[in-house]
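Please look over the sequence and the model before reading on. The points below follow the order in which I would go through them.

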There are 2 protein chains.
Amino acid sequence: MSIVAVGSLAFDSITSTEGSRERILGGSLTHFSNAAAFLSKPQLVGVVGNDFSETEWEFLRGKTSSLDGVETMENEKSFFWKGYYTKDVNNAITQATELNAFAKFKPVVPESYKQDDYTLFLANIDPVVQLDVVHQCSQAKFKVLDTMNYWISNAPEKLHEVFETVDCIIINETEAYSLSDEINLIAAAEKLFFPNFKMIILKKGSNGVMVFGKKYMISLPSFPIDHVIDPTGAGDSFAGAFFSYIDKYQVDVNDREQTKKAAIYATIVASFAVEGFGVEGIDRINEDDINRRLKLYSEISGFQIP
Amino acid sequence: MSIVAVGSLAFDSITSTEGSRERILGGSLTHFSNAAAFLSKPQLVGVVGNDFSETEWEFLRGKTSSLDGVETMENEKSFFWKGYYTKDVNNAITQATELNAFAKFKPVVPESYKQDDYTLFLANIDPVVQLDVVHQCSQAKFKVLDTMNYWISNAPEKLHEVFETVDCIIINETEAYSLSDEINLIAAAEKLFFPNFKMIILKKGSNGVMVFGKKYMISLPSFPIDHVIDPTGAGDSFAGAFFSYIDKYQVDVNDREQTKKAAIYATIVASFAVEGFGVEGIDRINEDDINRRLKLYSEISGFQIP
């Protein structure tokens, strides 16, 4: 009953139509933990450089249950990403990527992390590294993999190899199309559903999410947001909220209704992510804010046919 | 308690990845009626040429309650459209458009159509013509307008003028963006909501539909279809099913829950439209098929938060 998450911790410089932020805390693990923390604070495995200050550590301590697996490289800087969004917030334009310490990332999952029934979340990193982590965590109850177009194009065979070792992949629409060579999401999910998979999650940004189980399909719209400030990390926030719900309530992912509840919860938490720069949107909310928005979501999109 | 629909009757030659059909019955009124007929057979106002055969008339008689307003031009051919879809079914590529009789279309709404509380549906035609029809039908209870990018680009002022006379517009995502110069759908709907409007319907194709009332918002995903054969007419089918539900059950469009039921019903009827060429997908189904799929939709996308 805990989550181990392996991925990046970073500084992001972000410009959107709503303004700019320089070197704010980012990275997949940051957004994942920020959203997961309401229900299940994850244990992190990552790497940072000597530029990580007490402010960043303090933030992460608040959102996680252990940072023992986070290495500090004294002669390196942390992963840095710089990018901007035009009016079309669905596409980030990268201006700079400095891998720094992340280029030398050799994750070691502490033995203390490997509790009974833990969920392993492999954020988007080199599939070679993901495979190494899967081997370290072979006894994890549920193994989830995120990836991105870079690896789909540049390391398809390695990616295929990791796919054979996990229970679930979480990818976005574009990635599903590239991976499957299909242009229909249901056809894509069917083609991508490895025999060992229990679930595929297809994120569609402002168009919602689809979840495919072995014997079911779930499709939900997003919660409508009229003022998107910064979409960075929305996908990782969805993942954090979704798997924290799965972990906390011991969801049987073969059960559609239980899994749908996790997807509804994650849809709402992720909707806050885009309403502020970096971690702000989710960091400033509490359980009441989530519950209020869940109720609104039910009014806007909920229905039941007897 | 009836619908008057004004628009096109046409022959379509369509090619998709699933095959080709030559000169099959199409046009906005055909698809609208095909979907509306389960609940409320509309009265049509349109024009056809001398190439309209008994087969087409017979089909239309089955789906409508009156064709008195359909003129036959003996020296003209019917509207003809030829186009194809690539693997990306969201975009039709037009190869030929022959307006023929439709170019001279001067709709006259028969007096017999103007019953109490009728709904007027103005399918996509020249806004000058739409305005003329609105004047003929000033006593209609509910006036709905559909349009397309051609008129948005070429007759924005005239379109604006018609907007001021109707209760509802039904447009797709791209049209909403062009009309509003916004890239967020909620912002677009707010900007486009004329003081006289009761409702805006934004169709998002395979990403579902949003309905905006004066005081509410509805967002629904589409019913997932893994094998799209021909998307032609899906939007008009949605409109037909939606307004037939509104008409039949006398839906108060200021009431979110009632309106949501209409949108759910229309989502399901429209999902059948894309599973066959032309009218086939909907023509071959019955009420049981609709009810079965409604139940499935509830399993896939339905939820309620107490």
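**Notes on the predicted model**

1. In chain B, B:Leu145 stands opposite B:Ile169, a residue of strand E10(B). Strands here are DSSP runs of E with at least two residues, and helices are runs of H or I with at least four, both numbered from the N terminus. The model is predicted, so local features need pLDDT of at least 70 and side-chain atom pairs count only at pLDDT 80 or more, while totals for chains, interfaces and linings use all residues; side-chain values use heavy atoms, with hydrogens and water left out. Residues are numbered from 1 along each chain as its sequence is written, and chains are lettered from A and ligands numbered from 1 in the order in which they are written.

2. Strand E9 (residues 142-146) of chain B pairs with E10(B) in the parallel sense, over 3 bridges. Two strands pair if DSSP finds at least two bridges between them. E10(B) also pairs with strand E11 (residues 199-203) of chain B, again in the parallel sense, over 5 bridges. There, B:Ile171 has B:Leu202 of E11(B) as its bridge partner.

3. How many of the 5 residues of strand E10 (residues 168-172) of chain B are buried? The count is 4, so the strand is largely enclosed by the rest of the structure. Buried means under 20% relative accessible area, exposed over 50%, and partly exposed in between (1.4 Å probe, protein chains only).

4. B:Asp12 lies in strand E2 (residues 10-16) of chain B. Leaving aside residues up to four places away in sequence, B:Asp12 touches several residues, including B:Trp81 and B:Thr232. Contact means heavy atoms within 4.5 Å.

5. Chain A has 11 helices and 13 strands. Of its 306 residues, 61% count as buried. Among contacts in chain A with a separation of 6 or more, 63% join residues 24 or more positions apart.

6. Chain B is superposed on chain A by a rotation of 180° with 0.0 Å of shift along its axis (RMSD 0.0 Å). The two copies are thus related as by a two-fold rotation axis.

Technical notes:
Copies are superposed by least squares on the C-alpha atoms of residues with pLDDT of at least 70 in both.
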